[in-house]
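Student: Please show me how the features of a protein model are to be read, taking one feature at a time.

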Amino acid sequence: MAIAMTTEQERDFEEKGFVILENFLTPEETERLSDAADEVVEEIQAEKGLPKETHFQVRNALSRHEAFLDLIDHPRMLPLVVDAIGWNIQIRTTHLDYRPPYPEDLEAGQVGVGDGADKDAGYRNVTWHPDLASPQLFMGPSLDGRLPFMEIKVFYPLFDMSESNCGNLWLSPGSHMKSPKELRQAGHHVPDEDALELKLPAGSAVLWRTATWHCVGPNQSQKTRKIMHVGYHYRWMRPTDYIQQDPELIARSSPIRQQLLGALPSGGDPLGEVSDVAPSSQYWLTKNPEDVPLRSWAEGQEAAPAP
Ligand SMILES: O=C(O)CCC(=O)C(=O)O
């Protein structure tokens, strides 16, 4: 039973692969996040001696600013996340993408095909792709060639993305049900009728299956693209952004946040009580309910009477 998703949202998630939530964040939350993006980017530019027009991605962004950390268990998003993927989860990645306007002479090529000079100039994710289907990850023989359901992300545009060509995220509705091979065989062309350019106000959110084909369009506007993705996957998988998060961060976090940060809030042996002869990873079979506080939280939400 859903905690927070409406029937229409459940259908969108199932059939299209994503749920669009326009104006999800409050203006104050959006401003805090947008300021945080500027702050973090300035810090990194200073640390690395990079010019202002540099475009780049910051991974494990949650460790860089409290505003990003607060997104991982956002009180109105968490119920939707749990509806989408369940309670046995942790953060796989949190990433900030910062993309100033393209230089005027940069030829972008066709959206998503990856044949433009932007790709050669190192702009990331400009080619249509599902996540986790790269040759290093999941490409290989399987019965139907489709990606299993492994994870979701929540996309937050932190700038006004309501026009075309400002670094919009594009999605191909329903493509999570297709094989990644089909996309490769099509030379990364997605017909116009199967492609959706998201045009959303700052502070919107999109909860999406990362198996959905997606790409980033060119930023030919005068605005800087500032966006966050918060990725959640199952606890028995390995995160991309960390092996273990900073112990100081874990120590000051709530039990649910500790779970999401990939820790074991019970503080028990990660390999169980008889780790010497019968190791049993507590990321697999959870003996201590305190290690997955999201479970009792979710069950409590289900039991709560509708408002
Ligand atoms: O920056 C974006 O919005 C797209 C990110 C992306 O393509 C990815 O994480 O795989």
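Tutor: Helices and strands are DSSP runs numbered from the N terminus, a helix being H or I over at least four residues and a strand being E over at least two. This is a predicted model, in which local features need pLDDT of at least 70 and side-chain atom pairs count only at pLDDT 80 or more, while totals for chains, interfaces and linings use all residues. Residues are numbered from 1 along each chain as its sequence is written.

Student: In which loop is His188 found?

Tutor: His188 sits in the loop between α6 (180-185) and β6. Its backbone deserves attention, for most residues other than glycine have a negative phi. His188, which is not a glycine, has a positive phi of about 65°. Asn60 is another such case, with a phi near 50°, and this residue belongs to the loop between β2 and α3 (66-69).

Student: Turning to the sheets, what is the order of the strands in the six-stranded one?

Tutor: Two strands are said to pair if DSSP finds at least two bridges between them. Here six strands form an open sheet in the order β1-β7-β4-β9-β3-β2, with antiparallel pairing. The edges are β1 (18-21) and β2 (56-59), each of which pairs on one side only. Neighbouring strands are turned by 15° against each other on average, direction ignored, where axes are lines fitted to C-alpha atoms (for helices over the stretch in contact) and angles between N-to-C directions run from 0 to 180 degrees.

Student: Which helices pack on this sheet?

Tutor: Contact between two residues requires C-beta atoms, placed from the backbone, within 7 Å. Helix α2 (residues 27-48) packs on the sheet and touches β2, β3 (89-99), β4 and β9 (225-234), its direction making about 75° with that of β3. Helix α4 (residues 78-85) packs on the sheet as well, touching β3, β4, β7 and β9, and its direction makes about 150° with that of β4.

Student: How many bridges join the strand pairs within the sheet?

Tutor: Four antiparallel bridges link β1 and β7, with Ile20 facing Val206 as its bridge partner in β7. On β4 (residues 151-157), which pairs with β7 (residues 205-209) over four bridges, Ile152 has Arg209 as its partner, and Val154 has Leu207. Four bridges join β2 to β3, where Phe56 has Tyr98 as its partner.

Student: Why is β7 described as largely enclosed?

Tutor: Five of the five residues of β7 are buried, so the rest of the structure largely encloses this strand. In a regular strand the side chains alternate between the two faces of the sheet. In β7, Ala205, Leu207 and Arg209 point one way and Val206 and Trp208 the other, and all are buried. Strand β3 is likewise largely enclosed, because 11 of its 11 residues are buried.

Student: Which residues have the most contacts inside the largest nonpolar core?

Tutor: A nonpolar core is a set of buried Ala, Val, Leu, Ile, Met, Phe, Trp, Tyr and Cys residues joined through C-beta atoms within 7 Å. The largest one has 63 residues, with Val81, Tyr156, Ala205, Leu207 and Met228 having the most contacts inside it. Its largest share, five residues, comes from α4. Ala205, leaving aside residues up to four places away in sequence, touches Leu21, Phe24, Leu25, Met77, Val154, Phe155 and Tyr156.

Methods: Buried ≥ 20, exposed ≤ 12 C-beta atoms within 10 Å, placed from the backbone.
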